Amino acid sequence: MTHSTRRQALPLFGSWHSGTFSKCTSKCNDECHTAPSNPRAGAVDDFGAVAARMISRRNILKGGALAGMVLATASLDGLATERVAMAQDGTQIGFTPISASSADSVVVPEGYSWNTFLRWGDPIIKGTPGLTTDYSNLTVEQQEGAFGYNNDYVAFLPATRGGTESDQGLLWVNHEYTQGELMFGSYDPDNPTEVQVNIEIAAHGGSVVEVYRDGGAMYYRRGGALNRRITGTTPMTMAGPAAGHSKLRTNADPSGTEVLGTFNNCAGGKTPWGTILTAEENFNQYFGLPDGAAAPAEDDPVRVDHDRYGVGYGPSGRKWERFVDRFDLSKEPNEPYRHGWIVEIDPYDPDFVPRKHTALGRFKHEGAETTIAPDGRLVAYLGDDERFDYLYKYVSNGTYSPDNTLEENMALLDDGTLYVATFSDDQTGQWIPLVHGQNGLTAENGFADQGDVLIRARAAGDTVGATPMDRPEDVTPDPNRPGYVYVACTNNTRRTEEVGVNAANPRLDNQWGHVIELVEAGNDVGATTFSWDFLLLCGDPEDDSTFFGGYDKSQVSPISAPDNLAFTPSGDLLVATDGQPGGLELNDAFHWVPLTGSERGHVQQFLSVPVGAEACGPEFTPDGQTLFCAVQHPGDGGTLAAPISQFPDPGRGARPAMISIWKTGGGVVGS
């Protein structure tokens, strides 16, 4: 999820070099920085050399047939792989694709219905009042008991742990960031009030909400016994190898083991034992120096660390450092180290203290999708959503069993190995372990111990030569085909000719993004090598640089900025976008993508969200009869006084909201 500052509309085939406003007011994601934070951004091949080697490789594999070029200006029509030819024929999708939309409304296919069942500010904790029409009764107390802002990742859990119920259950929803201009009637981003800042802190984090289905539509239970808000002040525990590390210690927490709150929670994942993993992404935007405070020298080790993560040494865009000491780098220089982690939450236990699992590394986490290796080890796939940063996975040392205690299974996330990916132009790759003492991660090279490696995971990736990617976001293993994993690379318009391309990121000025299909060696997710190919090179189908799994490009829906990924009940891939307005001048959407047979790559649009909104989720109930979508930041680019959207309630300012979608006559969505 990357929508930070509103991108300016551009011609369909235009470049996108100036597509942000000057002020970073919401999700930073380095949009407001002039250069990538990765010093290895230029450590990639000349694009002509990459293309020549891949063409040679494909010629050998195809018996001399020219399969395609890996250039922004070349045709990739022939990029169909051996996997397509060997796959079983796919099943036709059971809906009529919708046309792309720019309307201020949700659009679903004929024969489907939807409802809005939960909005920002709706009370979830007993005794909390609802918002007034003009939101003037919004207080810290109201927000702490109400659904938070900018709903993102969505996870449905059956009513009983390990159960299969679909008519009732628990919904976990991330609250990624806030937009004061859409929350408050009078808001000056250069001078927010202390009350506004504290409300925004309370609107971050996530919500646990009891939900139930009635007549196809989903609803939430106000005051449900398991309803809970996680906010920017919720106490949390640091767990794993870096817990207690000197870099995690602050004046407020000299032990380095306790931290307040979680911020910029983007995507996430569910564990086999029924808990939630929520991912801290663009945490850098919350820290700064008050006016007049002196910055440390540029070579100060702490500043060097923070620079690698985009933490700035001036006033932050949010100005929280004016009112809360932990966001003031002059008072708590170590506080940024305590964010950028994967956080575990148990929705079934309202007293559970969230845990930040340091073994999974610190970076701008997009998600944390888990699966089980054939030998029982837990595997989590992780993307660092930044231009020119890396793809990771975590493999536990211990093994999962449903017979383990909850604590034994949770401990799997604290004892294991974090790997980072390298991609080669022969369409193979390696997972390089980030282990202290190996691969140059030594004290002589500046890594004091394993905790230091994990806290500075980006620097560790730099050291071992990981492949700089075009913003890897959701990384999702296929639940039906062991070893198959899909990686959404949203875009990278700063991949210039000077920087160059690499095999897995083949397009200059990559404004449309792509999806990689990765197959672990031996179909074992615990393997340390893999093969890979492109499933999609997104964009306008009429552009020569696009590719849709080998499918006829005249028959597909346009798609740009792939972000969230999920698997449908039929085993297809559902791709949610974040950035189609900038890349294609179309509202963001859900796209259905078959993965096998003659329909492989046949991208078909299922849903469109309103003006200014991002399509988040997606998530299905276990029976496949309900699809959830989080409509995030509708009306982005407007203000409460001058709105550009009134979703979901005409006559009111736009509000982030949850919707459910179902087949009008009943049945499995998409069947």
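**Entry 1: a mixed sheet**

I began with a residue pair: K270 stands opposite I276 in β10. This is a predicted model, so local features need pLDDT of at least 70 and side-chain atom pairs count only at pLDDT 80 or more, while totals for chains, interfaces and linings use all residues. Residues are numbered from 1 along each chain as its sequence is written, and side-chain values use heavy atoms, with hydrogens and water left out.

I then looked up the strands around that pair. β9 and β10 pair in the antiparallel sense over four bridges (strands are DSSP runs of E, at least two residues, and helices are runs of H or I, at least four residues, both numbered from the N terminus; two strands pair if DSSP finds at least two bridges between them). They belong to an open sheet of six strands in the order β8-β7-β12-β11-β10-β9, with mixed pairing. β8 (258–260) and β9 (265–270) stand at the edges with a single partner strand each, so one side of each has no neighbour in the sheet. Neighbouring strands here are turned by 35 degrees against each other on average, direction ignored (axes are lines fitted to C-alpha atoms, for helices over the stretch in contact, and angles run from 0 to 180 degrees between N-to-C directions).

**Entry 2: an antiparallel sheet**

Next I traced a four-strand open sheet, β1-β31-β30-β29, in which the pairing is antiparallel. Its edge strands are β1 (112–119) and β29 (614–620), each pairing on one side only. The twist averages 25 degrees from one strand to the next. Inside it, β30 (627–632) and β31 (657–663) pair over five bridges, and V631 has A657 of β31 as its bridge partner.

**Entry 3: a hairpin**

What lies between β17 and β18? I found a hairpin with four residues between the strands, and Q427 in the turn has a positive phi of about 65 degrees. The two strands pair in the antiparallel sense over five bridges, with Q430 in β18 as the bridge partner of T422. β18 also pairs in the antiparallel sense with β23 (529–537), over three bridges, and there T428 stands opposite S531.

Is helix α9 (457–464) mostly covered or mostly open? I noted it as mostly covered, with seven of its eight residues buried (buried means under 20% relative accessible area, exposed over 50%, partly exposed in between, with a 1.4 Å probe and protein chains only). Among the buried ones are R458 and D462. The cover includes β16 (391–399), β17 (416–423), β18 (428–433) and α8 (450–455). G465 follows α9 with a positive phi near 80 degrees.

The largest nonpolar core has 47 residues, and F327, L360, Y392 and L434 are among those with the most contacts inside it (such a core is a set of buried Ala, Val, Leu, Ile, Met, Phe, Trp, Tyr and Cys residues joined through side-chain atoms within 4.5 Å). α9 gives the most to this core, with four residues. I checked L434 too: leaving aside neighbours within four places in sequence, it is in contact with residues including Y392, V420, A457, A460, G461 and V464 (contact means heavy atoms within 4.5 Å). Another core of 24 residues lies apart, with V379, V395, A421 and V475 among its members.

**Entry 4: helix α5**

Helix α5 (194–203) is mostly covered as well, with seven of its ten residues buried. E200 and Q196 are among them. The buried residues pack against α3 (140–144), β3 (168–175), α4 (180–183), β4 (205–214) and β6 (228–230). Just after α5, G205 takes a positive phi of about 100 degrees.

Where does E210 lie? It sits in strand β4 and is buried, with a relative accessible area of 12%. Its side chain reaches the backbone nitrogen of L226 at 2.9 Å (a polar contact is a pair of N or O atoms within 3.5 Å; within protein, one must be able to donate a hydrogen and the other to accept it, and residues adjacent in sequence count only if both atoms are side-chain atoms).

My last stop was T128, in the loop between β1 and α3. T128 is buried, with a relative accessible area of 7%. A polar atom of its side chain lies 3.4 Å from the backbone oxygen of G145. Not counting residues up to four places away in sequence, T128 touches P123, Q142, G145, A146 and R222.
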